[in-house]
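The stops below go from the whole chain to single residues.

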Amino acid sequence: MAYVHAEIASQPDCWREAARLAPTVAEHLPRPGERVAVVGCGTSWFMAAAYAGLREGAGQGETDAFQASEFPTGRRYDRLIAITRSGTTTEVLDLLAALRGRIPTTVLVGDPGSPAVALADAAVALPFADERSVVQTRFATTALALLRAHLGEDLGRLAADAEVAVRAPLPIDPARIEQVTFLGRGWTVGLAQEAALKCREAATFWAEAYPAMDYRHGPISIAAPGRLVWAFGGIPDGLAEDVAATGAAFAHSRTHGCRTVLTSWAAGRTPVDPMADLILAQRFAVALATSRGLDPDAPRHLTRSVVLA
């Protein structure tokens with residue numbers, strides 16, 4: 001069995017462990033009212049964006065998310081959080097080194113012995129969520145789960161939703177789809193971007209992501225029969241019907257079925273948390289890879305960490 005299959009399935013347990021860990025590391029995480037920046041690369045950047053939306057939405061303080069290479073070093077922040085599975089990514093290490101003594105920094109990392117730990121002011125290690133796979137799944141969502149627990153969210157409910165997501169049927173047979181577009185609103189835009197990245201990484205598949213409100217400002221032009229639009233979280237009024245009119249399938253954890261629109265995998269159930277829906281998208285990406293004769297543990301042109309000379 002591919003590593004990634006087992007790692008995806010382990011996420012409910014990882015999220016529960018993150019909930020147990022969160023109170024013990026609270027002193028290293030953002031305090032209410034602090035102005036916070038969160039950085040990462042690739043998947044970690046998308047988790048940073050999701051957390052930034054959640055923290056601001058919870059009234060905890062201004063929170064910005066950046067790719068590590070694009071952090072505006074001239075801005076003032078009370079704290080910087082860096083998310084990095086390997087702790088070896090060049091852009092993250094360079095930024096942590098540049099900010100030493102200027103901004104308090106905390107790194108969320110899979111490997112407690114990595115170089116990022118020595119460069120940051122504090123480290124929160126998540127070795128139980130580290131991965132063998134190149135394609136990130138459980139480390140990224142566990143880092144976000146820890147941060148959500150620190151915001152006071154109920155991870156017991158979230159883990160229960162994850163248990164559903166690791167076993168639920170996929171919303172559509174991946175072999176029937178030639179293209180997928182993921183949509184989000186607010187904090188779930190980051191999840192949509194991450195879902196699209198998983199399809200590109202694992203299956204070299206044509207996948208895009210947009211804010212749901214912006215989808216009708218151009219991107220809907222590629223919707224057609226044989227293509228899928230998958231939304232995370234709340235959707236704008238009329239969007240499902242507009243997608244249906246194009247002939248594309250539509251998946252959404254709150255859809256309760258309408259003619260010509262794909263009924264949600266969660267139809268008839270209490271809507272699941274969008275982060276649990278991301279698990280389903282991860283499984284969809286792996287199934288896409290398998291249907292295309294690809295090995296999801298050996299994605300093309302990718303390595304587990306980008307280390308530049």
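This is a predicted model: local features need pLDDT of at least 70, side-chain atom pairs count only at pLDDT 80 or more; totals for chains, interfaces and linings use all residues.

**Whole chain**

Switch to a cartoon view. The protein chain has 10 helices and 9 strands. Its radius of gyration is 19 Å, close to the 19 Å that the globule rule gives for 309 residues, so the chain is as compact as a globular protein of that length. Along the principal axes, the C-alpha atoms fill a box of roughly 60 × 40 × 35 Å. Of the 309 residues in the protein chain, 56% are buried. Now consider contacts between residues at least 6 apart in sequence: 70% of them join residues at least 24 apart.

**Helix H2**

Select residues 11-21, which form helix H2. Which residues of this helix are buried? They are Gln-11, Pro-12, Cys-14, Trp-15, Ala-18 and Leu-21. An α-helix has 3.6 residues a turn, so residues three or four places apart point the same way.

**The cavity**

Rolling a probe the size of a water molecule over the atoms shows where empty space is left. How many cavities of 30 Å³ or more does a search of the whole structure find? The search finds 1. About 40 Å³ of space lies in the largest cavity.

To see its lining, select Val-4, Val-135, Lys-198, Ala-202, Gln-282, Ala-285, Val-286 and Pro-296. Colour the selection by residue class: 6 of the lining residues are nonpolar, 1 is polar and 1 is charged. H10 gives the most, with 3 residues.

**Ala-118**

Finish with helix H5, residues 115-119, and select Ala-118 within it. Is Ala-118 buried or exposed? Ala-118 counts as exposed because its relative accessibility is 56%, and the cut-off for exposed is over 50%. Then select Leu-93, which is 25 residues from Ala-118 along the chain, and draw a distance between the two C-alpha atoms: they are separated by 9.8 Å.

Conventions. Residues are numbered from 1 along each chain as its sequence is written. Side-chain values use heavy atoms; hydrogens and water are left out. On a 1 Å grid over the protein atoms alone, a cavity is a set of points where a 1.4 Å probe fits but cannot get out, and a pocket is an open set with protein on both sides within 12 Å along at least five of seven lines; lining residues have an atom within 4 Å of a point. Grid points are joined across faces, edges and corners, and a volume is the space filled by probe spheres set on the points. Helices (H or I, at least four residues) and strands (E, at least two) are DSSP runs, numbered from the N terminus. Ala, Val, Leu, Ile, Met, Phe, Trp, Tyr, Cys and Pro count as nonpolar, Asp, Glu, Lys and Arg as charged, and the others, Gly among them, as polar. Buried means under 20% relative accessible area, exposed over 50%, partly exposed in between (1.4 Å probe, protein chains only). The radius of gyration is taken over C-alpha atoms; the globule rule is 2.2 Å times the number of residues to the power 0.38. Contact means heavy atoms within 4.5 Å.
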